[in-house]
Structures are given as C-alpha cells and as structure tokens.
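Work through the exercises below with the sequence and the model in view. Each task is followed by a solution in steps.

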Amino acid sequence: KQDASPPPRVPCKPMPTKNNLLDSRQTKEKRSFCMVEKGTSLLKKMEISVAEAEKRTGKNAVNMQETYTVYLIETRPVDAASEGTNPVPDSLWRRYSEFELLRNYLLVTYPFLVVPPLPEKRAEFVWHKLSADNMDPDFVERRRVGLENFLLRVASHPDLSSDKIFYSFLTEENGWKETVFETGFQAKADSRLKALNATFRVKNPDKRFAEMKHYGDELQSVISQLLRVRARAADRLYGVYKVHGNYGRVFSEWSAIEKEMGDGLQSAGHHMDAYAASVDDILEEEEHYADQLKEYLFYADALRAVCRKHELTQYELEMAAQDLTSKKQQREELATGTIRTFSLKGVTSKLFGQETPEQREAKLKMLETQIEEGEELVKERNAECEEFVKSAWVDIERFKEQKDHDLREALISYAIMQISMCKKGIQVWNNAKECFSKM
Amino acid sequence: SHFQKNVDTTLTDGSSFNASMQTSPASMINQYKFEEDADTKDIFVTVDNPESHVTAIETYITYRVMTKTTRSEFDSSEFEVRRRYQDFLWLKGRLEEAHPTLIVHPLPEKFVVKGMVERFNEDFIETRRRALHRFLNKIAEHPIFSSSEDFKIFLTAASGELTSHKKQGPGFLSRMGDTVKAVAAAVRGVRNRPQEFTEMQEYVEAFSQKIISLDKVTQRIVREQKEYLEELKECGPTYALWSQSEEELAEPLKNVAGCVDRCCKETEEQVKNLSDHLIPVLHEYVLCADTLKAVLRRRDNIQADFEAKTEALATKKANRDTMRDDLDKAEDRLEWANNALKSDWTRWQKVMRTDLRSAFVDTAERNVSYYEKCLAVWESFLHSQRTDAEGNGKVDFS
C-alpha cells in the first residue's frame, strides 16, 4: 500500500472546520452519524454503505407467507472512486436477522470488546405521530441509516474490522449463514447467555470494571428517561404548532366578511398554516437526535456485557483458586491425620473405622494429581483474567473517547436544530406581524 | 335645525337624557365626524391600584380611578376616586338606558366560569383591572358617552355622593315596565327592517362566530403550551442528572440543562403573555358581539313600536289626536335611533379594527421576541462549545 493513498473515506458528513460548525450540519440529507476517521485497513480498502431498503415476501421456516425488509449493502474499492471513475459497486441484500446473527457472532467471539449495537428491533419511545410499525417507511429509512452506521462502526474498530466473518458478511451473499454456524459459535453463545444471566458473587472484581458496570447502568437509566421525556415533549409541541392551523382557517373565514381587514387577515392566515406545517420537519430532525441517543443507550448494554464477562472470568478464577485451597487442605489433613475440614467421608470413616494405609495412600495420590491439575487451572484462569482485563480495558478506554466525542457532537447538533427552529419561528411571526399591520 | 324643538327627549322607557346636549340626528352625525387625535384629547383616565376591603357582610375590591382633564364642565383638572365593580356596572347600565342604540364597550364579566379562578386571585384582579381601564377609556373616547353626566359623576364624585346619585335613577317599577314593553315589542316583531340593518345583523352573526372561534383557538393554544411546558420542565433536570455520571461530558450536559431551563422560563412567559394580553381582548370582542346583537334588537323594537302605532292610527277611530302625537314621537325616536346606530356602527368598526389589529401585531411581536431569546440561549451554548474545543485542543477541527 502506498503512503500517498488518500485517507479512508467513510461515507459520513465532513468534519467541521473551526468556522463552519453551524453550516456543515445544516445539510439535511439522510446521513450516518459522524465518526472520527479511523485508519483501519478495511476502510482503507473499501467504502461501505447500506444504500437501499426493499420489501420482500417469502415462505418462512414453518412454510408461512411473511413480509420482511431487506437492505442493500454496497461495497466499493476506495481507489477506484478516488480516481474519478465510478464503477458499479458490489452489492448484496441482507435482512435484519442476518445483522443480528453477525452481531451475536461478534459478541461471542470478542467478549472483551464493546461491540457496536444494532438499531432497535422495534420502534420504542415513539411520540404519537410517529408510527411504531416496523413496516412504516420512515422507520425503515431510519433503520437503514442505523444499519449503515453499525457496519461503519465495526469497520472502523481496530480489532473487529479484520474479522473474516464480518468481511464475508459484506461480500458473500450466499452461504454466509452456513459459514457462521460452522464456526461453532452457537454453542458458545448459549453458554455465554446462561453465564451472563446467572447470579454469582465475585470477591475481588477489578474496581474499574465495577465502576464501569455501574456507569453503564446509570447511562442506560438516564438516556431512557431522556428519550421518554423528549418523546412526550415532542408530542405536545406537535399539538401547539398544529392548533395554530386553526387560526389560518378562522382568519380566512373572517376575512370573507370584512372589507379593509380582509387582505391582511387572509395573508396572515397563510403564515399560520405555514407555521403549523413547519413542525413536521422540526420533529423529523429531532428523531435523528433521538437515534443518536438510542445508539448509546444500546452501547451501554454492550459495555455492561463486557464488565459482566470480566466478573465471570474473575469468578471462575476465584472458584478454581478456592477449589485448589480446599484440595490442599484435604491433603494436609490426610497427611497429618487431623481433620479440620468437615467431610462426609471423614465422619463415616470415624463411624465405620479408619481407612487402611493403602486406601489413604491412594487417596493422597489422587489429591496430588488433582492439586497439580488445579494449579494448572488456576494459572490458566489467572492468565485469562489478566489477558481479558488488559484487552477489555483498552477497548473500554477507546469506547469512552468515542462516546465523549459522539455525544458532544450530538448535543451540538441538537443546539443547531433548536436554533434552526427558532429562526423559522422568527421568520413566520415577522411575516405574520407584517400582515397583521395591514389589517 | 328644525328638529331641535320638537324632539321629545322622553324615551320609550320613561327615562330621559340630558336635553342640554344637541340632540338632532343631524348634529349627532356631525359630532361623530369629529376626529379625535392625541392633540385634541382632553381627558385621560386610568384605573389602577386594586385594594381589598373587608366588611362584616362582604369582601370586595376597589380600584383607583384617576382623571386628568382640561374640560370646562369639570370643576377641577385632576380627580382621584375609588370605585368597585358594581359602580362600573351601574355606569354601563346608565349609558345603555340613555342611548339604547349606541354601542357601549363591554365590561369584564362578573364571574369567571370556565377554569374557575378564585375571585381574589392576583392574576384575576389584574386582568379585571386592565379590562376596567379599557372600558373607561373607550367611554372617554366616545363622542357622546364622554359628555354623559353620569360619566362625569362616576369620575369625580366621592363615594357617598355616588351612592345617593345612583338612587336617583329610574325606579324599579319603571324598569319593570320597560322590560314588559320590550318583550311586547319583541313579540310583535319588525315588519320592514331597512336592508342596511339586516346586513348589519348578518355581519354581527358571522363576526360573533369568528371571534368566538378565535377565542377558543387561542385558549386551546394556551392549554397545549402549558402541557408542553410541563414536559419540557423535566428535560433540564434529566440532562443535569446525566452530567453527574460523566467526566468530559459533564460540562456540555450541564450547559444544555441550563439552556433547556432558560427556554422553559421563556415559554412560561410567552404563555402568560397570551393569557394576559390577547385572550382578554378577544374575549371583550366576544362580549361586543353580544352588545351589538342587543343594540340591533333594541333598534328593531323601536321600529316595531312605530309600526304598531302606525297601524293603530290607521285602524282605530277613537283618540286619534293623542295617537297621532304618539306616532310622531315614535317616528322621531326611530329616526334618531337609526342615525345614532349608523354613526356609532361606523365608529365601532374602526375601533374594532384598531383594537384587534394591535392585539395581533402585539402577539406576533411577542412571539418573535420569544424565539429570539431562545435563539440567543442556544447560540451561547454553541459558542461555549466552540471556544471550549479550541481551548482544549481536543476536537480535531481539521
């Protein structure tokens, strides 16, 4: 690869310069979320996008007719596009369940990474005008954007981007599912789910992970609350704007019975109609902001999963260590003849008489083997734990930086939206004022 | 004019108005054409300073009424009296009795029915005070009413004087007779209403509907905005809560929380403005529409009375002289009533147009100001983020 190759072009809006912080975000095209450019080797090679969505009907596993949506994943070599030629991109169709399969695979295979979330399965936190129907075109469109964002997040991750299954997800339409199942990840997936849901108490968790888990809980709780409140406020704001449409109607009717006032009233009425109509665009923009928050709501879950996994590895280490200690104790007791630990065998041997020296010898030997194995296990588990803590913490730090950057950008874009809304309001009411003065 | 001598100043209800004024229809029309501008305004009235009074039997509010005038019929150039709502009601009644086909600006209602607010609630008192102020100013600006003796007494008399003057009005019985006659006239109905008054009635019907709709729409807007405000009030604290879990993000989140809170305050003020300024004016014109309907009815009754007397003269044989006399008086009354109404109608339309125009212009200005304030709030946030980022050198604005 030449060093002079252009920086990877992630299809997202351009980074703002110092001065056009306001302007750059006012483009209204549907775009995926802004990301800091990452120089992963995958993105140096190819451009990725989810270009379209389509409805399909077919027979499902139980031979029933179903309607579902498929999404077109397009990939295009970076060099070709920069040369000015525009070759037809490679493309394939995938449905949401395949994205889910990919993510589950990644979760199982990289338990120490904060795996990017998918856009929500069902529309939640909706305000009344927004459909909760999965087939609704607006929902499908927002999901398309979310899926593209997911792919770009994975593609820009230093570790995930080099995964083979991910690469074939992007490039091989047929047989991909089989390839995934062949990795045998499903078995791991089941045990992972069980383990994550089990209750156990860890004696010595890494403090940082405990704090991170707590943070994940708080983040999830506060973003949920924010999304709920925002949806309700959006609902109300919609009502305020729409009622002004009634002014339009009444002014128009009133103008019919007036002579001098007629014209002023009529034109003021038009502006009231415009005001009422403007809320649709405003709330559509706000929905985009809500999607950005939702991504981090789901990220919180992924973060908690990593912390949970740490607890699990730590727990298994502690269990192994505990087991080893107890075995060592048993050996000591057997060797010195003192019974410090309660064991049923000990009691029964007391009741039914001591063991023969041969039996004791055999038992000691068995214990020795077990202790050897146990020490190996503890070493293994300790290494696992340390390895996990190391890699996971690196990714958590990476995630923290990404989160801080993205959410700050989201807040800024929220402010810009508010400003745009205010400007529209100023314009409409100034126009209305002019018309009223002509009454 | 030759009408001056023969006009009987006794009205159908037995009361009479001040005959010292020029009473011919022609001169009345002239008076209406007299344009009032600020230079020629010679009387200024304000209503302010509500005070609560507690007696053994009741609690009530009085308002200070201050008058400054250069008019010669006033003994002094400045007056200060205290009046209660009852007194305003009395004045309105007197003016309506004296001039049945002139349009008296409505008073705020006695009780607030919808969304019942306690009578001595501060907002209610303030809204009422403003309406009473508008009422008196409308009277002062009216060419006929402002010269009314009752108006003068209202503005200048000490409380005791006013009470005794009130007792001098037409008695209860004559008022009863007044009502009976009015009902009788209404039942008789008018036969040949001139087209222009029919058109007036149609206009008033339509206007009434429109202004009621506007009142309702505005009240609905206020309700929706209040509900929006309730939800918005929870946003700021949620951002603040979030900032407590964050490190880098704490500052921008707290900032956003502050911005949302400030926008809440502005929204609260905007809602108050609508309630305090636009709604009372719309409401007054809803009442105006009712006043106009009543004025048109009274005119109809005067005409019906004339028509009945005409018929009686044509059919009855006895008492023809008295009846002819009555008929002449009725005719004069009718002509006078019609001309008075026509002039006052033109005047009222101008005033209505001015009032409603300025109310809507005012509302639009307040809305612009609201959005401007919110705009400034969010722009200051952006500015802080920009300088923050540049200062930290953290964001790669490359």
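**Exercise 1.** Find how helix α4 (residues 122–141) of chain B packs against helix α9 (residues 250–315) of chain B, and classify the arrangement.

Solution. This is a predicted model, and the steps rest on its coordinates.

- Step 1: the packing angle of α4(B) and α9(B) is about 45°, and their axes lie 11 Å apart.
- Step 2: the crossing of the two helices is right-handed.
- Step 3: on the side of α4(B), the contact residues are B:Asp123, B:Thr127, B:Arg130, B:Ala131, B:Arg134 and B:Lys138. They meet B:Lys272, B:Asp276, B:His277, B:Pro280, B:Val281, B:Glu284 and B:Tyr285 of α9(B).
- Step 4: sorted by class, this contact has seven charged, four nonpolar and two polar residues.

**Exercise 2.** Determine which residues join helix α3 (residues 85–98) of chain B to helix α6 (residues 159–167) of chain B, and at what angle the two helices pack.

Solution. 

- Step 1: the angle between α3(B) and α6(B) is about 40°, with 12 Å between the axes.
- Step 2: the two helices are therefore oblique to each other, and their crossing is left-handed.
- Step 3: α3(B) contributes B:Gln86, B:Asp87 and B:Trp90, while α6(B) contributes B:Leu162, B:His165 and B:Lys166.
- Step 4: by class, the contact holds two nonpolar, two polar and two charged residues.

**Exercise 3.** Decide whether helix α3 (residues 96–109) of chain A is oblique or roughly perpendicular to helix α7 (residues 185–197) of chain A.

Solution. 

- Step 1: these helices pack at about 70°, and their axes are 9 Å apart.
- Step 2: the range from 65 to 115 degrees counts as roughly perpendicular, which makes α3(A) roughly perpendicular to α7(A).
- Step 3: A:Leu101, A:Asn104, A:Tyr105, A:Leu107 and A:Val108 of α3(A) touch A:Phe185, A:Lys188, A:Ala189 and A:Arg192 of α7(A).
- Step 4: six of the contact residues are nonpolar, one is polar and two are charged.

**Exercise 4.** Describe the contact between chain B and chain A, and locate two of its salt bridges.

Solution. 

- Step 1: chain B supplies 55 residues to the contact and chain A supplies 59 residues.
- Step 2: about 5,900 Å² is buried between the chains, 72% of it on carbon and sulfur atoms.
- Step 3: side chains of opposite charge can pair when their charged atoms come close.
- Step 4: one salt bridge joins A:Arg232 and B:Glu231, with 2.8 Å between the closest N and O atoms. This pair runs from helix α8 (residues 207–255) of chain A to helix α8 (residues 195–243) of chain B.
- Step 5: another links the side chains of B:Arg353 and A:Glu260, at 3.9 Å from N to O.

Conventions: Residues numbered from 1 in each chain as written. Chains lettered and ligands numbered in written order. Predicted model: local features only at pLDDT ≥ 70, side-chain atom pairs only at ≥ 80, totals over all residues. Heavy atoms only, no water. Axes fitted to C-alpha atoms, helices over the stretch in contact; angles between N-to-C directions. Helix = DSSP H or I, 4+ residues; strand = E, 2+ residues; numbered from the N terminus. Parallel < 35°, antiparallel > 145°, perpendicular 65-115°, else oblique. Left-handed = near helix turned anticlockwise from the far one by under 90°. Contact = heavy atoms within 4.5 Å. Nonpolar A, V, L, I, M, F, W, Y, C, P; charged D, E, K, R; others polar. Buried area = accessible area lost by both parts, 1.4 Å probe. Salt bridge = Lys/Arg side-chain N within 4 Å of Asp/Glu carboxyl O.
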